[in-house]
Amino acid sequence: MQKFFNKEVAGQIKEILTQMKNEITIKLFIDGACDTCLETKRLLEETAELSDKIKLVVHETKVDTEEAKKYDITLTPSFVFLDDKGVYKGVKFSGFPGGHEINSFITAIIEMSGNHPEYPQELLDRVAKITKPVDIKVFVTLSCPHCPGAVETAHRLAMLNPNIKGVMIEAQTFNEMSNKYKVSGVPKIVINDKHELLGNQPIEEFLNKIELL
Amino acid sequence: MFNLQIGPKKQDINYNETYDFIALGLGPAALNAGLYAVRKGLKTLVVGKDFGGQLKNTSEVDNYLGFSLVDASFLIAKFKEHIDALEVPLLTDVLITKLEKVDDLFYISLDNGHILKSKTLLYAFGGNPRKLNVPGENLLSGRGISYCVTCDGPFYKDKDIVVAGGGNSALDAALDLSRIAKSVTIIQRSVLRADKKSIDAFNALPHGKVLLQTEILEFIGEDKLSGVKIRDKETGKESIYKADAAFIEIGNIPNTTLIKDLALLNEAGEVYVNEKQETNTKGLYAAGDITINSHRQIIIAAGDGAKAALEAANYLNKK
């Protein structure tokens with residue numbers, strides 16, 4: 001079977017992954033041959049082959065029900081990231097991370113490994129003050145160049161505060177969910193099903209909405 | 001299938017350094033400026049949020065010399081490859097919060113808390129999509145109204161779509177959407193100003209329609225867009241035109257807020273530059289879509305950027 005990553009792209013990703021600091025684990029949840037499940041599995045397998053710091057574990061949701069419940073898996077395919085200590089920090093993807101989302105996927109790997117951006121203290125203080133549970137959904141299309149930025153912001157907030165969870169949702173695969181949240185423009189950011197943002201907004205805008213909760 | 005835009009290595013930025021040349025922006029103008037400045041031997045840094053600039057809002061490019069009809073993301077990848085090959089230092093994923101000139105140095109405050117220093121500065125921040133500013137637009141934005149064809153086009157398969165505008169970006173958007181839409185109607189308040197090639201291609205479509213001399217007065221819909229209220233400027237007749245989606249492609253607003261205290265702007269917010277891309281502040285240059293008389297073309301932005309870098313090198317040599 002032809003690989004997703006040709007030699008050139010595989011080489012580029014391998015080089016980028018040398019920025020990883022510590023090991024990470026990706027747990028993928030699939031439901032047999034559900035829409036994009038096998039493609040996502042293949043893509044994650046090919047990615048894991050490019051760094052010995054990435055461990056991939058594949059779960060069948062119908063078999064590993066407890067595990068699926070633990071990570072609140074309601075859509076398949078979905079995958080979550082665990083740090084080198086096996087801690088889940090709320091970084092999740094639902095759907096195939098292709099097209100432009102390859103950028104948020106690779107960024108999540110690098111940042112979960114401990115190589116994260118610098119943040120000003122003022123921002124860290126604001127994030128640290130969030131004590132309520134926060135669920136950030138970022139709806140994307142794979143052809144959207146502005147979407148990875150919004151996904152990365154949601155994931156960064158999740159990595160910074162255990163009360164925050166961030167998930168990328170590929171809008172076309174999960175059409176029903178997109179309709180429920182009336183998604184017809186992306187990136188659409190939904191916070192605790194209460195507040196919405198449209199576009200690749202700065203982290204401060206995310207925080208402004210979160211602080212309203 | 002994959003639009004990989006992450007660099008091979010994160011640049012280590014020395015924030016204590018005084019740079020010779022900093023280019024603000026990550027579109028064709030700033031990137032080409034960075035490339036020229038590095039080749040001139042200037043201590044250079046290119047700074048911005050997203051690699052590619054406004055090119056990211058484009059689907060296809062057919063007028064950049066050397067690349068006939070390519071995906072815009074392909075061109076962005078080629079730019080990245082070239083920038084990396086020449087080791088042009090980049091600082092991405094940051095926002096600029098303040099620009100100042102004190103004595104002979106420019107100080108660039110970043111949202112990561114750091115401040116950069118440079119002897120010369122190029123401002124090339126492009127623009128943000130212009131809104132029509134008619135009733136219903138804000139309410140229905142993201143609910144049928146969109147400013148990004150590549151992002152939101154996929155939601156409107158087999159739907160009736162209108163495109164507001166008559167320039168190249170509007171025609172390109174209409175052609176792009178025509179591949180999936182049931183119908184595409186271009187609504188333009190005056191005449192079409194796009195390239196003849198694009199106009200001919202659109203006119204040849206069986207499901208394409210053009211309404212000229214037609215104004216959009218209002219966007220109609222409660223939860224999502226259902227139509228646009230239009231007025232025929234010749235007859236004055238108003239009507240509701242059914243639409244499931246409206247893509248606004250009427251140009252950009254120059255992103256010049258940060259430079260307004262340092263450079264002279266015209267009423268449209270564009271930066272006055274001379275033939276050397278110089279602003280009225282010594283050592284401060286501007287290039288690309290934010291400048292006066294810009295034709296808003298990738299190749300022109302890239303050319304402006306190159307010129308600015310060469311002029312900055314001359315300026316530093318004479319000091």
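Reply: What follows starts with chain A as a whole, moves through its sheet and loops, and ends with the domains and chain B.

The model is a predicted one, and local features are described where pLDDT is at least 70. Chain A holds 8 helices and 8 strands. Its radius of gyration is 16 Å, close to the 17 Å that the globule rule gives for 213 residues, so chain A is as compact as a globular protein of that length. Along the principal axes, the C-alpha atoms of chain A fill a box of roughly 50 × 35 × 35 Å.

The sheet of chain A is open and has 8 strands, ordered β2-β1-β3-β4-β6-β5-β7-β8, with mixed pairing. At its edges are β2 (54-60) and β8 (195-198) of chain A, each of which pairs on one side only. From one strand to the next, the twist averages 20°.

Strand β5 (residues 134-140) of chain A pairs with strand β6 (residues 164-170) of chain A in the parallel sense, over 7 bridges. In that pairing, A:Asp135 has A:Lys165 in β6(A) as its bridge partner. By contrast, β7(A) and β8(A) run antiparallel and are joined by 4 bridges. There, A:Lys188 has A:Leu198 in β8(A) as its bridge partner. As background, side chains in a regular strand alternate between the two faces of the sheet.

The β8 end of the sheet is also where a helix lies. Helix α8 (residues 203-210) of chain A lies across β5, β7 (188-191) and β8 of chain A, and runs at about 165° to β8(A).

Which backbone features stand out in the loops? Most residues other than glycine have a negative phi, and most peptide bonds are trans. The hairpin of β7(A) and β8(A) has 3 residues between the strands, and in this hairpin A:Asn192 takes a positive phi near 50°. A:Asp193, in the loop between β7 and β8 of chain A, has a positive phi of about 55° although it is not a glycine. A:Pro187 belongs to the loop between α7 (175-180) and β7 of chain A. Another cis peptide bond, with omega about 0°, joins A:Thr76 and A:Pro77. A:Pro77 sits in the loop between α3 (65-70) and β3 (78-82) of chain A.

Next, the division into domains. Chain A is divided into domain 1 (7-112) and domain 2 (121-210). The centres of these two domains of chain A, taken over C-alpha atoms, are separated by 19 Å. Their contact takes 21 residues from domain 1 of chain A and 24 residues from domain 2 of chain A. On the domain 1 side, the elements that give two or more residues are β4 (88-94) and α4 of chain A. By class, that side of domain 1 has 6 nonpolar, 10 polar and 5 charged residues.

β10(B) runs parallel to strand β17 (residues 245-248) of chain B, joined by 2 bridges. B:Ser146 stands opposite B:Phe247 in β17(B).

Helix α5 (residues 168-178) of chain B packs against helix α6 (residues 196-203) of chain B at an angle of about 35°, with the axes 10 Å apart. The crossing of α5(B) and α6(B) is left-handed. The residues that meet include B:Leu171 and B:Leu175 in α5(B) and B:Ile199 and B:Phe202 in α6(B). The residues of this contact divide into 6 nonpolar, 2 polar and 1 charged.

Notes:
Residues numbered from 1 in each chain as written. Chains lettered and ligands numbered in written order. Predicted model: local features only at pLDDT ≥ 70, side-chain atom pairs only at ≥ 80, totals over all residues. Axes fitted to C-alpha atoms, helices over the stretch in contact; angles between N-to-C directions. Left-handed = near helix turned anticlockwise from the far one by under 90°. Contact = placed C-beta atoms within 7 Å. Nonpolar A, V, L, I, M, F, W, Y, C, P; charged D, E, K, R; others polar. Domains from an automatic or database assignment. Pairing = 2+ DSSP bridges. Rg over C-alpha atoms; globule rule 2.2 N^0.38 Å.
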